[in-house]
Each structure stands twice: as C-alpha cells, then as structure tokens.
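Let's take a friendly walk through a protein chain, starting with its overall layout and then moving inside. Please have your viewer ready.

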Amino acid sequence: MIHVIRSLSRFSPALLIVIVVCLSLLSGGCHTAKKVKSRPGHPHMEQIHIKHTSKVRKKLVQEAATWIGTPYKYGGIDRIDGTDCSGFVLMVYKNIIGEKLPRNSAKQAEFCIPIDATDIKAGDLVFFATGKDPHKVSHVGIVLDDENFIHASTSKGVVVSKLSSNYYIQRFRMFGRTPGMKKL
C-alpha cells in the first residue's frame with residue numbers, strides 16, 4: 001500500500017483525491033455479504049440427530065445445512081448475497097429434487113399437503129405467522145427432526161432454531177409436505 005501511495009504522490013492533490021475516492025468505492029463494491037455466526041441458544045447441526053429416513057430427505061437436510069450462515073436478504077435466493085425464508089426453501093427443494101415451489105411462504109403453505117405433527121419427517125416444511133396478521137402464513141422453515149428446523153431468520157440469516165421456543169410455538173400455523181415428497 002505504501003508503494004501505491006508513493007507512486008500517487010506525483011499527481012496533483014485534486015486528482016489524488018479523485019483517485020482515492022474511486023479506489024475506495026471500487027474496493028467497497030467487491031465486498032461480499034457477511035456470514036452470520038452461530039448464536040447462543042441455537043443448536044448446531046452436530047447436535048441434530050436425524051432418524052432413519054430416505055436418502056432424498058437426508059440430501060435435503062444436508063443441502064439446507066450448507067446454507068447456514070447465509071445472510072438474510074428480502075427477495076434473495078443466493079447463498080452468497082443472501083436469501084429470505086421462502087427463497088431458501090425454494091432453492092433447497094429445487095437443487096435436490098427439482099420440485100418448483102411457489103415463491104412466497106403463504107403460497108408454499110397452500111401448495112403443501114398439511115400433515116400432523118406426529119407424521120413430520122426430516123425435510124418437511126413448517127409454517128408460521130410472524131407478521132401483523134396472526135392467521136396468515138409469513139414464514140417457512142425446513143424440519144430437521146422432532147425438535148429443530150432450519151430457516152432464514154430476518155435478524156440472524158439462515159440458522160437452526162427450536163420448534164419448542166415460545167416465539168415459534170405462539171406463531172405456529174402448520175406442518176406441510178410438498179407433493180414431490182408425498183411418497184418419500
């Protein structure tokens with residue numbers, strides 16, 4: 001960096017300021033989204049014990065786990081730039097089983113076959129009403145086991161959370177299984 005500054009010293013001060021500002025803007029433009037670190041109270045994937053299940057369901061969970069730490073971005077569907085909850089679910093399902101899900105969580109809930117809590121399996125979906133309307137689905141995650149799900153949190157990015165947390169119990173709407181997962 002010192003060599004760069006010395007070589008720039010031959011320019012006029014006004015031109016030097018323009019060059020420095022341009023370099024600052026260029027370096028800031030290449031910044032990738034910050035990865036979200038694990039937070040206390042959120043289980044790590046190593047703590048999840050998935051029961052015997054199909055290879056496809058295991059692959060769904062493994063794919064979902066690769067998204068942990070992805071930052072939240074409304075409307076996003078990218079592991080680097082960020083994702084929202086429905087974009088995350090959409091991409092995991094698309095990447096593993098090629099099933100095309102609707103783009104938002106409410107439509108994903110309508111698309112799914114409702115299932116009872118006693119029938120949930122790894123890879124099924126869980127829906128919540130986290131918005132102003134306590135009856136309208138506005139959040140989705142992927143079930144990992146009887147206790148945990150993975151989702152894109154607006155404040156923490158893609159994380160694993162407990163289904164039993166008071167926040168999610170109060171906002172729970174339904175469990176669902178996509179038509180493509182019906183027989184798996």
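The paragraphs below go from secondary structure to surface and then to the cores.

This is a predicted model, in which local features need pLDDT of at least 70, side-chain atom pairs count only at pLDDT 80 or more, and totals for chains, interfaces and linings use all residues. Residues are numbered from 1 along each chain as its sequence is written, and side-chain values use heavy atoms, with hydrogens and water left out.

The chain contains 6 helices and 8 strands; helices (H or I, at least four residues) and strands (E, at least two) are DSSP runs, numbered from the N terminus. Their order along the sequence is α-α-α-β-β-α-α-β-β-β-β-β-α-β.

How many of the 184 residues count as buried? The share is 38%, where buried means under 20% relative accessible area (1.4 Å probe, protein chains only).

Now for the inside. A nonpolar core is a set of buried Ala, Val, Leu, Ile, Met, Phe, Trp, Tyr and Cys residues joined through side-chain atoms within 4.5 Å. The largest one has 28 residues, and F88, V89, L125, F127, I142 and I150 have the most contacts inside it. Among the elements that give two or more residues to this core are helix 3 (55-65), helix 5 (105-111) and strand 5 (139-143), while helix 4 gives the most, with 7 residues. Leaving aside neighbours within four places in sequence, I142 is in contact (heavy atoms within 4.5 Å) with residues including A64, F88, V92, L125 and F149. Apart from this core lies another, of 9 residues, among them I120, V126, F128 and Y168.

Notes. Buried < 20%, exposed > 50% of the residue type's maximum accessible area, 1.4 Å probe, protein only.
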